[in-house]
Amino acid sequence: MKKIILMIALSLSVYADVLVGDKAVDFNLNSLDESKSFKQSDFKGQVVLLNLWASWCSGCKKEMPEFFKLQKEYKSGFKIVTVSIDSDPSASQKFLQSVEQEVGFKTPFITLYDSEKLLPKTYGAVAMPSSYLIDKQGIIQAVIVGSLSADEIEELKKEINKLK
Amino acid sequence: MQIIKIIAASLMMLVPFVNSYASNLKDSLSIGLNTYSDNADVQVYSPTFSVMKTLSKNLLVGFKMRVDAITAASIQNGGRPRVSDTVIGASAKSGFDDVRYAPTFLLAYEEGDNAASGGVYYSKEVDYEGKAMFLNYVRQLNSQNTAIGIGLSQSYDTWNPAILRELPKDYRNESKVDFSINQLISPTFSMQLVYSYMYSEGFLSSPYHYVIQDSFAKFENYPDKRTGHAFAIKGVTLVNDLNSMNYSYRYYTDDWDISSHTASVEWLKDFSDKFTSGLRLRYYTQTGSNFAKDVGAYAVTDQYFAADYRMSAFDSYDIGIPLTYKPSMTSDLKYSLSVDYYQTSDNAYIKSWYDTNYLQAVYTTFRIDYEF
Amino acid sequence: MYYIAFIIALLLLSGCTDKLVRVMPYEKEHFADPKMSLSPLEERAEHEGHIFLIRESSAGGDSSFQGGCGCR
């Protein structure tokens with residue numbers, strides 16, 4: 001699995017605007033509920049999985065419950081930061097509520113809202129969803145295209161634990 | 001390092017990508033009920049059932065079943081709905097006059113930008129047996145903006161007429177090839193081009209239709225080969241967040257000199273988060289075959305005879321209302337319903353066979369889809 | 001003859017990658033909407049496929065197999 005993630009990272013790095021080894025793109029986005037705003041630098045010192053998603057993307061629907069469970073396993077040192085690019089924020093909220101009902105607990109991670117789709121443009125996302133594993137220094141360690149299954153998340157945890 | 005990246009990227013273009021995109025294969029179950037009723041006294045009730053199950057992230061197996069339960073005065077009366085048919089002379093029976101069972105088994109495989117599916121189809125009714133196999137392949141290109149598809153199907157069908165008649169050939173085979181290109185033009189507009197090639201051979205008319213004139217009666221006789229081509233262009237446009245339009249045009253031509261134009265347009269509107277409905281209009285016009293003569297103009301020495309109005313020139317119109325209902329955005333259930341009215345133009349062949357100037361029909365579909 | 005021209009067109013298309021990437025993955029929101037499908041009601045498409053084969057003399061122009069009922 002490590003080979004697969006690395007191969008994906010290597011090959012897509014030719015296409016993506018942001019490559020493995022680059023600094024993570026800085027951003028300044030509001031949370032989905034508009035209560036706070038966040039920058040990439042706010043997460044320095046933690047391993048971050050930055051996930052770009054939308055309520056209309058079928059892969060995102062499959063993957064999101066797995067991310068809920070993944071964040072629950074890490075109390076500190078690792079943060080999932082999801083960024084919704086829906087045109088309508090209420091669609092994102094309804095979607096997260098339905099996942100909360102499915103898994104039985106509230107959204108355990110930060111969800112930001114990027115209606116202008118600046119992050120996927122800057123990252124050069126080639127599919128939806130796309131995820132980026134970022135180390136404590138803010139350097140991109142892996143680019144993940146498409147959704148992750150439960151088995152693939154088990155493999156990802158090994159990479160996260162190495163970076164922690 | 002850059003060279004390694006470029007080589008890796010090039011290899012990725014040629015080889016199916018490893019788990020790079022979420023698969024579109026989904027577990028699902030659906031049940032449906034369709035109806036058809038026309039003024040030729042034909043009524044058909046068609047329950048349908050399908051189950052699709054993923055065996056892995058990339059592989060899906062499916063089973064579909066369609067049953068057509070047909071009540072037709074023409075079958076009861078022997079051949080024609082309102083005319084005493086002494087030529088065919090079949091007798092009425094109780095219950096449905098014919099029941100057709102049509103199961104289909106299919107396999108679908110998806111990996112990255114490649115999707116392939118194939119399967120076998122079988123149908124059985126009182127006087128006809130159909131067997132077919134099919135294969136489809138779709139390749140996505142240009143960041144999934146372009147999709148190129150090819151479909152192949154081959155049918156081997158057999159006639160077993162319900163009347164005592166030895167047919168010149170008892171089989172009817174058809175080969176079909178479809179090429180398609182889908183292209184996203186903008187975030188709110190996409191188009192598709194399709195070309196189809198069809199080749200049929202065998203007994204291509206009906207064993208029950210006949211031409212009757214003052215001094216003779218002759219069963220239908222068509223050429224035993226037919227080659228057809230169809231070209232279609234389709235598009236769908238988002239007018240605004242709540243409204244979309246889809247439209248299509250098809251041109252068909254074959255070596256029997258039948259050519260046709262089919263134009264269809266449909267408007268769909270989200271009336272709420274749950275309900276979508278709209279209006280569909282379809283127009284069809286075709287020319288007659290090069291061997292069909294005016295009703296009553298056949299000579300006993302003619303090589304070919306046609307009694308079926310489909311070998312003559314006519315138009316048809318269809319107007320329909322679609323409706324879909326989804327209980328919520330994330331619901332696993334979806335309901336769809338449609339009602340259509342269909343009518344042909346006045347046609348002398350229709351008058352001669354069905355004793356009515358034109359055919360008119362109402363057909364409905366209803367289906368429940370469940371994703372699990 | 002027709003299908004040769006079609007195949008050539010397909011091969012040419014596959015070479016024009018830049019011009020044909022018109023919608024980025026994060027802009028495909030509307031194509032996930034069921035009303036943006038070229039054939040939005042699958043059950044109706046299958047049922048009327050049979051009806052039009054029986055009631056009309058033309059076929060083809062769809063990119064999927066309908067079923068060998070031999071009605072044509």
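A residue is called buried here if 20 or more other C-beta atoms lie within 10 Å of its own, exposed if 12 or fewer do, and partly exposed in between, with the C-beta atoms placed from the backbone.

## Basis of the report

The structure is a predicted model, in which local features need pLDDT of at least 70 and side-chain atom pairs count only at pLDDT 80 or more, while totals for chains, interfaces and linings use all residues. Residues are numbered from 1 along each chain as its sequence is written, and chains are lettered from A and ligands numbered from 1 in the order in which they are written.

Gly62(B) has its place in strand β3 (residues 59–72) of chain B, where strands (E, at least two residues) and helices (H or I, at least four) are DSSP runs numbered from the N terminus. Gly62(B) counts as partly exposed because 18 other C-beta atoms lie within 10 Å. Leaving out residues up to four places away in sequence, Gly62(B) touches Ser50(B), Val51(B), Met52(B), Leu106(B) and Ala108(B), a contact being a pair of residues whose C-beta atoms, placed from the backbone, lie within 7 Å. Asp340(B) is 278 residues away from Gly62(B) along the chain, and the C-alpha atoms of the two are separated by 29 Å.

Leu184(B), which lies in strand β8 of chain B, is classed as buried because 23 other C-beta atoms lie within 10 Å. Its C-alpha atom is 8.6 Å from that of Gln144(B), a residue 40 places apart from it in sequence. Apart from neighbours within four places in sequence, Leu184(B) is in contact with Asn145(B) and Ser190(B), and also with Arg22(C) and Val23(C).

Of the 72 residues in chain C, 46% are buried.

Between the two chains, 74 residues of chain B are in contact with 41 residues of chain C. Strand β8 (residues 171–186) of chain B gives the most to the side of chain B that touches chain C, contributing eleven residues. By class, that side of chain B holds 29 nonpolar, 35 polar and ten charged residues, where Ala, Val, Leu, Ile, Met, Phe, Trp, Tyr, Cys and Pro count as nonpolar, Asp, Glu, Lys and Arg as charged, and the others, Gly among them, as polar.

## A hairpin in chain B

Strand β10 (residues 210–213) and strand β11 (residues 216–219) of chain B pair in the antiparallel sense over four bridges, pairing being assigned if DSSP finds at least two bridges between two strands. These strands, β10(B) and β11(B), form a hairpin with two residues between them, and Ile212(B) stands opposite Ala217(B) in β11(B).

## The sheet of chain A

In chain A, five strands form an open sheet of mixed pairing in the order β5-β4-β3-β6-β7. The edge strands are β5 (110–113) and β7 of chain A, each of which pairs on one side only. Neighbouring strands of this sheet are turned by 20° against each other on average, direction ignored, with axes taken as lines fitted to C-alpha atoms, for helices over the stretch in contact, and angles running from 0 to 180 degrees between N-to-C directions.

Within the sheet, β3(A) and β6(A) run antiparallel and are joined by five bridges, and Val48(A) stands opposite Ile134(A) in β6(A). Helix α2(A) packs on the sheet, touching β3 and β4 of chain A, and its direction makes about 150° with that of β4(A).

## Packing of two helices in chain A

The axes of α2(A) and helix α3 (residues 89–103) of chain A come within 10 Å and cross at roughly 60°. In this contact Met64(A), Pro65(A), Phe68(A) and Lys69(A) of α2(A) meet Val99(A), Glu102(A) and Val103(A) of α3(A), and the residues divide into five nonpolar, no polar and two charged.

Tyr132(A) touches Ala24(A), Leu50(A), Tyr123(A), Ile140(A) and Val143(A), not counting residues up to four places away in sequence.
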